[in-house]
Amino acid sequence: MMLLCDFHIHTKYSDGSVELRRTIDLFGQAGFDVIAITDHVVNSDNSIGKLAHRFRLSIRENNFDEYISSIRQEAERAIDKYGMLVIPGVEISKNYLSSYKSAHILLIDIKEFIPACWSYEMIFLEAKEQDALIVACHPHHTTDIARDTLFLWNNRDKYAKYIDAWEIANRDDVFNVISLKKYPYIANSDFHKTRHLYSWKTLLNCEKNIESVKNCIRHNKGVAITLFRN
Ligand code: ZN
Ligand code: ZN
């Protein structure tokens, strides 16, 4: 049996509109097997980032531990109540005026805070040190040009070796370039609002624990995508 998974979910800890607990219940009641909570960690080295920090749309070093421990607490409730595995993560969000400079990276099963203003190499090496899964988010042109983050795709020759998987689909967008390059892939909702529950998802043929899930994605064997609809 394939596990129904969503590895890209925001809550009120950053710019999501649904509280963490309510988010867990939504996905649990919808029958999900594995989810990752991945609130934004935004770079604060420019004015866009500074605004995100001022309006608390970013996880910060000083609330990271509280964020992770709330997820772990909810994870216990989720496994008891729904049999659903919940994994703590973040979305490192390097936001710049130019989409060619911008990149978003999921770090799934992160343990220690990693600042978004670090260099790509430092972020990737530290994430590997923590044995977090590294996923390049919405890596190509999307239906919302304002959200485009093209840096990693355009610099894939340099960075692909660090990346465990690429989002081949994000909410309603599908990035066929990922399949043409034969990169490892997953598909996620980029959940910010209740209606985003209905979107592209990942199916995994593996056991329901963090290590098996990370291995399955890294080896990209037994991975499928599905459009989850009401
Ligand atoms: Zn993003
Ligand atoms: Zn996101």
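1. Ring cluster. Phe 27, Phe 32, Phe 191, Tyr 198 and Phe 228 are linked into a cluster by ring pairs. Rings of Phe, Tyr and Trp (its six-membered ring) pair if their centres lie within 6.5 Å. The model is predicted: local features need pLDDT of at least 70, side-chain atom pairs count only at pLDDT 80 or more, and totals for chains, interfaces and linings use all residues. Residues are numbered from 1 along each chain as its sequence is written, ligands are numbered from 1 in the order in which they are written, and side-chain values use heavy atoms, without hydrogens and water.

2. Aromatic pairs. The structure holds 16 of them. Phe 27 and Phe 191 make an edge-to-face pair, 5.1 Å centre to centre with 70° between the planes. Planes over 60 degrees apart count as edge-to-face, under 30 as stacked. Phe 27 lies in helix H1 and Phe 191 in the loop between S8 and S9, so the pair ties together parts 164 residues apart in sequence. Both residues, Phe 27 and Phe 191, are buried, that is, under 20% relative accessible area with a 1.4 Å probe, protein chains only.

3. A stacked pair. The ring centres of Tyr 120 and Phe 151 are 4.7 Å apart and their planes are at 10°, so this pair is stacked. Tyr 120 lies in helix H4 (residues 120–129) and Phe 151 in helix H5 (residues 151–154). Helices are DSSP runs of H or I with at least four residues; strands are runs of E with at least two. Both Tyr 120 and Phe 151 are buried.

4. Zinc site. Which residues hold the zinc ion (ligand 2)? Its protein donors are His 8 (NE2), His 10 (NE2), Glu 91 (OE) and Asp 190 (OD), 2.0 to 2.2 Å from it. Donors are N, O and S atoms within 2.8 Å of the metal (3.2 Å for Na, K and Ca). Glu 91 also bridges to the zinc ion (ligand 1); the two ions lie 3.4 Å apart. His 10 lies in the loop between strand S1 (3–9) and helix H1 (20–29), and Asp 190 in the loop between strand S8 (185–188) and strand S9 (200–204), so the pair ties together parts 180 residues apart in sequence. His 10 is buried at 0% relative accessible area. Asp 190 is buried too, at 2%.

Technical notes
Buried < 20%, exposed > 50% of the residue type's maximum accessible area, 1.4 Å probe, protein only.
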